[in-house]
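The sequence and structure come next.

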Amino acid sequence: MRIQVVKSKIHRVRVTGADLNYIGSITIDEALMEASNIFEGEKVSIVNINNGERLETYAITGPRNSGEITLNGPAARKVHKDDIIIIIAYGSIDMEEAKNFKPSIVFPNEETNSLQ
């Protein structure tokens, strides 16, 4: 049997922008994507700490070490600049494999979105 587990997590980052006129997705600083093992085009869940909104979209790579976290398209209606969010990616693995699996979780600086 396969189960869904947290594969990757960027815990508590500050939203730097919300672009309603973009076609969709979340732009994430390349360094954060790399550290958390999130891939361009991967489906991610977004949890907004400020208002409780939850949504799904896909990740696109932003400039490395820019701190960029921008919600694009319709997702821009669910967040505001400076909101704090959690970005989560899930994976499907065998139940036995899950017993020893360790997700990639990063805890960036909330002010700068940089890795500590």
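Where does D82 lie? D82 sits in the loop between β6 (69-72) and β7 (84-94), where strands are DSSP runs of E of at least two residues and helices are runs of H or I of at least four, numbered from the N terminus.

## Basis of the model

The model is predicted, with local features needing pLDDT of at least 70 and side-chain atom pairs counting only at pLDDT 80 or more, while totals for chains, interfaces and linings use all residues. Residues are numbered from 1 along each chain as its sequence is written, and side-chain values use heavy atoms, leaving out hydrogens and water.

## Positive phi

Most residues other than glycine have a negative phi. D82, not a glycine, has a positive phi of about 80°. D82 is partly exposed, at a relative accessible area of 42%; the term covers values between buried (under 20%) and exposed (over 50%), with a 1.4 Å probe and protein chains only.

R12 also has a positive phi, near 65°. R12 belongs to strand β1 (residues 2-14) and is partly exposed, with a relative accessible area of 28%.

## Nonpolar core

A nonpolar core is a set of buried Ala, Val, Leu, Ile, Met, Phe, Trp, Tyr and Cys residues joined through side-chain atoms within 4.5 Å. The largest one has 20 residues, of which I26, I28, L71, I85 and I87 touch the most other members. At least two residues come from each of β1, β3 (25-29), α1 (30-36), β4 (43-48), β5 (54-62), β6 and β7. The largest contribution, 3 residues, is from β7.

Leaving aside residues up to four places away in sequence, I28 touches I10, M33, A59, I60, T61, G62, E68, I69 and I87, contact meaning heavy atoms within 4.5 Å.
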